[in-house]
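Colleague: Please show me the model. I would like to go through its cavities, some backbone angles and the annotated spans.

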Amino acid sequence: MKASVFFGAMTVAGLASVAASAATLDDVKARGTLNCGVTTGLAGFSTPDANGVWEGFDVAMCRAVAAAVLGDPTAVEFVPTTASTRFTALASGEVDMLSRVTTWTFSRDVDLKFEFTGTTYYDGQGFIVLRELGVTSAKELSGATVCIRTGTTTELNLAEFFRINNMEYEPVPVETNSEAQQQYLAGACDAYTTDASGLAATRASFENPGDHVILPEIISKEPLGPLVRHGDNDWGDVVRWTVNALLTAEELGVTSANVEQLAADGSDNPEVNRLLGTDSDLGAMLGLESDWAVNAILAGGNYGEIFEANIGESTPIGLARGLNALWTEGGLLYSPPFR
Amino acid sequence: MSETGHQHALSYVRADMLPQQEPPVSHSGPIKWVRENLLSSPLNVILTVISLYVLYAVLSGLIPWFFNSVWDARSLNECREVFLATGATGGGGACWAVLQERGIQLIYGFYPADLYWRPNLTFILFFVAVAPILYSDRLPSQMLWFTALYPFLMPWLLWGGSFWVPILVIAGLVVGYLAWMVGSRIGGSILGGIAGIVFAILWWLFAVPTLNDSIHRVVGNMRVDQVVAESTARLETLGPELTGLETRRESVRDEIAELEAIKAQAFAPIEEAVEIARETAELAFYEEEGVDPETDQIGPGLRERAEEEGQHAASAAARDPALNTVRATFLNAVDGLTEMRNEVNEISSQINIMQSERSDTEALLLNIEQLPDRLEEIERLQESATTPGAISELESVQDVVSQTYTEMGRIGLTPVESREFGGFMLALIIGLSGIILSLPLGILLALGRQSDLFLINKVSVAFIELIRGVPLIVWLFTAQLLLNYFLPPGSNFDLLLRVIIMVTLFASAYIAEVVRGGLAALAKGQYEAADALGLDYAKSMRLIVLPQALKISIPGIVNTFIGLFKDTTLVVFIGLLDPIGLSNSIRSSTDWNGIYWELFAFIGLLFFACCFSMGRYSLSLEKKLNREHR
Amino acid sequence: MSAISEPQAEGFRLSQLIYDTRYRSITIQTVALILIVAGVWWLVSNTIQNLEALGRDFDFGFLGQPAGYDINQLLIEYDSQSTHGRAAVVGILNTLLVAFIGCITATVIGTIAGVLRLSKNWIVARLVAVYVEGFRNVPLLLWIVLIFAIVSESTPHPRDFAGGEASMLFNSIAITRQGTWTPAPVWGDGSLALVIIFILSIVAIIGFRMFARRRQEATGEILPVLWISLGLLILPSLIAYFILGGPVTLDYPETGRFRFEGGLLVRNSLIALWLALSLYTGSFIAENVRGGILAVSGGQTEAASALGLRPGRTMNLVVLPQAMRVIVPPLISQYLNLTKNSSLAIAVGYMDARATLGGITINQTGRELEGMLLLGLFYLIVSLAIASVGNFYNASVKLKER
């Protein structure tokens with residue numbers, strides 16, 4: 001359905017955007033840009049730099065999808081969303097996909113009517129405390145004050161964890177990660193709990209990271225991944241298989257450096273050829289160009305490259321692959337075959 | 001005897017005036033001032049002492065922080081390094097370097113850097129537009145025409161688009177006026193009014209988009225070849241330009257890496273010396289206190305004191321003259337690095353602009369290429385489209401086509417998406433458009449609240465109280481979460497536009513109350529005189545009452561604007577990047593993670609400067625109006 | 001006769017609906033009514049269609065489901081197994097609490113600042129001017145965030161008390177960066193009697209004041225009202241306290257593993273929000289108070305002196321009653337603003353109605369339509385209640401005008 005026309009100069013100045021319709025893929029192609037919901041700022045996952053260019057792991061996923069669909073990784077409009085506005089932004093069609101450290105849960109999938117298109121980062125909720133407290137386990141936190149990001153699943157996990165362990169605690173709800181960090185460093189809370197990746201990123205930026213320890217307990221499963229609206233399967237497929245393409249590329253050793261050459265010359269490995277569209281036209285089945293995966297990989301590299309460039313051990317965030325290694329290397333990442 | 005006595009007595013009389021003496025020290029000059037102004041009573045003495053203490057407490061903390069600051073650095077860590085190397089006491093002061101990198105962003109958000117002149121011009125023109133209202137006694141009233149044009153000019157300048165768009169929109173007013181003229185000839189003023197409003201709205205809803213589209217199509221068709229030629233040529237030059245910039249960026253980056261190494265080399269001995277001094281001092285302190293840091297449990301307070309000792313020793317060590325040369329090398333390197341990184345930033349910003357230009361141009365060329373196919377497809381679909389899927393496909397193709405034409409046929413300014421709006425500019429835009437757009441509605445509501453018509457009166461009152469009774473933040477959440485529910489299915493427009501609509505409704509309730517105050521303050525004789533002249537309601541309001549009432553209301557309107565402008569900071573809660581939202585984003589980048597006061601001080605100062613000056617103006621105007629009224 | 005009745009015989013013409021002032025107002029109102037009904041219908045039908053398209057329903061049932069999240073500041077019992085409805089009530093009570101204490105302190109701060117700004121003391125007047133302008137011209141959100149940061153960074157950590165590096169005020173109050181712990185009263189046997197006696201003494205004070213006023217009007221004699229009131233307020237309760245054998249005891253906070261245990265904790269989020277709201281609103285009230293005092297013309301004070309009234313009585317009997325009439329209406333609207341501004345509590349993590357009902361609950365259940373509706377309704381009711389108190393006061397002052 002077309003946007004209801006809105007009067008005034010603003011309409012015509014291009015403000016009234018095309019409405020969300022059943023066919024997001026067509027809309028994105030027609031619009032020429034992908035609207036991607038990200039956080040308003042989380043180190044390593046999505047932050048704008050001094051020129052207003054967004055960077056990070058989540059951002060790279062958006063760029064990969066944009067490259068796959070439109071052939072241009074810069075054809076993305078990043079829409080900053082808060083924890084409380086993200087779902088409305090997606091449901092109302094303001095964004096085409098949400099790549100915003102969002103946990104895949106039953107109720108979000110089923111009740112809120114979204115569709116998670118895979119897991120790009122296996123995370124879990126942890127705690128960080130001052131080393132001098134001498135706490136070695138989260139079970140020793142009874143009576144502590146805990147900073148917690150409001151509006152997230154971590155809030156519910158925290159309540160549950162303390163309840164089943166019969167411990168008392170005092171929650172200090174905060175809106176953003178930077179605010180939580182400020183509170184924690186100021187001593188307004190004894191512990192800060194969020195996704196372990198976030199904890200590591202936060203700790204890395206402290207003046208004296210050694211004064212803080214991340215407790216060994218991971219109290220929840222937090223599979224983070226991009227999500228789209230329920231019911232638009234074509235679009236869901238595009239996002240899902242773009243993510244899978246990045247994973248498969250890593251598995252098959254296709255990188256941003258060699259992908260163009262592989263696509264031009266072909267490879268001995270038939271799956272590489274299928275992936276890169278030299279053999280069969282998987283892209284057409286998705287409604288995309290045949291070189292969709294090549295573009296997606298060119299945008300920021302394969303999954304491993306994206307990981308290393310944004311949150312890996314060479315970055316200030318310094319996350320190890322851990323669970324997020326490929327299944328061939330003992331991790332959980334496993335892409336269905338391209339066939 | 002008496003004579004001589006008299007003469008004798010006279011010899012004691014002064015013939016000339018004594019020179020005037022200086023008043024006693026205690027009754028003149030600064031001492032008198034101090035006595036009268038500061039120490040006039042015991043209570044005043046106490047108050048003075050307290051005030052002086054408060055002043056001392058605030059300034060003694062603030063001044064060293066402010067002046068002991070670093071302006072050249074690229075990250076908070078580099079700031080800390082500089083503090084360490086220069087031996088800044090108390091852990092150093094402000095790291096203003098963040099403003100050097102991000103200050104512009106805090107003001108303009110993500111607005112394209114090459115187009116900053118547009119918001120600047122909009123802002124300057126705003127003063128030109130309000131000047132005839134604010135200084136009505138000194139400026140010719142013809143300037144009011146520009147004031148009337150400004151609300152149409154402002155969105156065009158900010159958002160861009162073809163030049164005829166604002167003209168078409170203004171034409172809606174002309175259409176409304178004509179309809180009103182014709183309507184009132186036929187059916188009196190009420191029918192005229194209704195006709196005017198209906199026709200204007202119809203014009204805006206249907207005629208403007210259609211006309212706009214057609215003009216774009218005509219102009220676009222005329223310029224196809226030209227656009228294609230120009231775009232191709234541009235693409236050809238863009239490629240080498242981009243590569244040139246990229247190689248330049250690479251070379252600067254190489255230089256940075258070199259200087260980085262020099263910096264690290266210079267920093268190492270300083271850091272080592274400082275660390276040794278710190279550790280020695282801390283150990284000495286613990287020894288003095290009789291505790292062993294290896295084995296004993298140390299309370300945080302004791303640790304803090306030890307750290308303080310260590311800090312003192314560290315600053316002393318850092319200032320050691322023996323380190324002078326390395327320190328100079330280090331500081332030079334930091335300065336050089338900042339400069340180079342600024343350069344990199346600048347180049348990157350140009351690269352960004354060019355890249356987006358390239359991708360836009362490429363997309364446009366592709367669209368032009370596919371245009372004939374798409375037009376055919378539209379024809380084919382129009383014949384056969386019956387299923388919802390086909391209709392949706394048709395609409396989406398039609399959209400692409402009209403977008404292509406819009407691109408080709410645009411004569412005017414490059415469009416800027418409202419997502420790129422941010423920072424202080426965003427706050428100003430929301431505040432300004434909120435106030436400007438809410439004025440008509442506010443005046444209507446005020447008149448409605450004064451009206452004798454039961455229903456109109458009650459509806460106005462209910463609307464005003466409803467809006468005023470609920471906090472703005474709830475309304476903003478309504479704009480973000482719910483407005484899409486209330487509008488026809490499938491419609492979806494920009495968050496910024498939704499916020500402006502909500503803020504307009506919000507401000508209109510407050511403006512209504514201000515105008516109602518103005519209406520009430522007007523002498524009753526004015527209303528009666530208008531009635532006596534036999535003017536009908538519309539005329540008496542338009543010619544007699546409103547001009548006077550609005551004039552008295554200006555200070556109140558300015559105050560409402562100040563309140564609204566401050567309240568725009570709440571948009572951070574719905575994910576718009578106003579200054580506070582941007583400060584969150586900046587703090588989440590790895591370079592500036594942990595920075596705090598500097599950003600908020602800057603934002604606070606910006607707001608203070610704006611609001612304070614407007615408040616002063618409103619105060620002086622109020623005084624002037626009071627004088628005129630007496 | 002016929003000439004007079006002629007127009008009536010013409011009957012009702014349609015054009016009368018527009019030209020005849022008798023009918024015109026009805027025409028306009030009917031048109032307006034139709035437009036309004038159509039508008040409301042349009043909104044409602046859109047909403048219904050949109051909800052259907054999204055597969056959602058309009059249902060308040062979520063209020064009965066377990067909330068699952070914890071709230072730190074509780075005025076009524078609540079845990080994570082309580083319902084969303086109860087969480088909303090907790091938030092509403094927290095909003096009312098901060099609004100109430102905020103209004104009181106804002107009034108005190110505003111009055112003092114307003115009077116001091118008129119002070120002849122140069123430094124004091126300037127300093128207060130800086131305070132007033134500084135707070136009026138910078139967004140409240142910034143002040144809330146800044147004051148929260150100042151409060152939590154300038155105070156000692158709870159653990160410092162255990163190590164002896166920081167000490168409690170009067171051995172009972174601990175001001176820390178997580179909040180302020182004060183002794184909590186423990187109501188033992190017989191405390192009900194004590195409360196009753198206290199209430200009775202307040203009633204007695206009111207009675208005595210009425211008596212004193214009547215006495216003054218009748219005989220002109222002025223009783224020392226203030227001292228007797230103070231005596232009545234404190235003495236009976238104090239005597240009863242000792243007779244009953246100290247039924248109310250205090251529970252002192254003690255240092256625990258992480259922080260204090262026992263006692264009453266006033267969290268820094270509340271303190272910061274409270275301070276920021278009262279300082280911000282206080283700066284506006286200060287201007288009202290200053291304006292009110294300046295509005296009373298000098299002649300009034302001079303006339304009172306001519307009558308032989310002492311300065312204190314001049315203030316009490318002549319200046320204040322007149323100034324109040326100017327001060328109170330804007331004061332009420334400042335109370336309204338403060339209450340609405342308390343919705344910024346989320347910036348410091350204070351769990352008010354916006355944070356529980358309008359924040360976490362909406363977020364966890366996805367019931368934004370229902371949640372926002374309830375939230376809006378709550379604020380509307382509170383605002384209307386405050387506004388009606390203001391109207392009541394205005395009406396009562398108006399009666400005395402001659």
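What follows is a short exchange on this predicted model.

Modeller: Residues count from 1 along each chain as its sequence is written, and chains are lettered from A and ligands numbered from 1 in the order in which they are written. In this predicted model local features need pLDDT of at least 70, side-chain atom pairs count only at pLDDT 80 or more, and totals for chains, interfaces and linings use all residues; side-chain values use heavy atoms, with hydrogens and water left out.

Colleague: What volume does the largest cavity have?

Modeller: A cavity is a set of points on a 1 Å grid over the protein atoms alone where a 1.4 Å probe fits but cannot get out; lining residues have an atom within 4 Å of a point. Points are joined across faces, edges and corners, and a volume is the space filled by probe spheres set on the points. Eleven cavities reach 30 Å³ or more. The largest has a volume of about 340 Å³.

Colleague: Which helix gives the most to the lining of the largest cavity?

Modeller: The lining has 23 residues, with Thr40(A), Glu175(A), Thr176(A), Val572(B) and Asn584(B) nearest the centre. Helices here are DSSP runs (H or I, at least four residues) and strands are E runs of at least two, numbered from the N terminus. H7 of chain A, H18 (579–588) of chain B and H6 (140–153) of chain C each supply at least two lining residues. The one that gives the most, with four residues, is H18(B).

Colleague: How many charged residues are in the lining of the largest cavity?

Modeller: Ala, Val, Leu, Ile, Met, Phe, Trp, Tyr, Cys and Pro count as nonpolar, Asp, Glu, Lys and Arg as charged, and the others, Gly among them, as polar. The lining has nine nonpolar and nine polar residues. The charged ones number five.

Colleague: Where does the second largest cavity lie?

Modeller: This cavity holds about 190 Å³. H6, strand E11 (191–195) and helix H8 (196–204) of chain A each give two or more residues to its lining. Domain bounds come from an automatic or database domain assignment. Both domains give lining residues, so the cavity lies between domain 1 (23–122 + 224–329) and domain 2 (124–221) of chain A.

Colleague: Is Val101(A) buried or exposed?

Modeller: Val101(A) is among the residues nearest the centre of the second largest cavity. Its phi is positive, about 30°, although it is not a glycine. Buried means under 20% relative accessible area, exposed over 50%, partly exposed in between (1.4 Å probe, protein chains only). At 15%, Val101(A) is buried.

Colleague: What is the relative accessible area of Asn166(A)?

Modeller: Asn166(A) sits in the loop between helix H6 (153–164) and strand E10 (169–174) of chain A. Phi is positive there too, near 55°. Asn166(A) is exposed, with a relative accessible area of 72%.

Colleague: Which residues does Ala186(A) touch?

Modeller: Ala186(A) is in helix H7 (177–186) of chain A and is buried at 7%. Contact means heavy atoms within 4.5 Å. Not counting residues up to four places away in sequence, the partners are Ser152(C), Glu153(C) and Arg177(C).

Colleague: How far apart are the end C-alpha atoms of residues 372–393 of chain C?

Modeller: An unreviewed UniProt entry lists this span among the "transmembrane region" features of chain C. UniProt positions follow the numbering used here, feature names are shortened, and annotations may be inferred rather than shown by experiment. The span is 100% helix and 0% strand. Its end C-alpha atoms lie 32 Å apart.

Notes:
1 Å grid on protein atoms, 1.4 Å probe; cavity = no way out; pocket = protein on both sides within 12 Å on 5 of 7 lines; lining within 4 Å.
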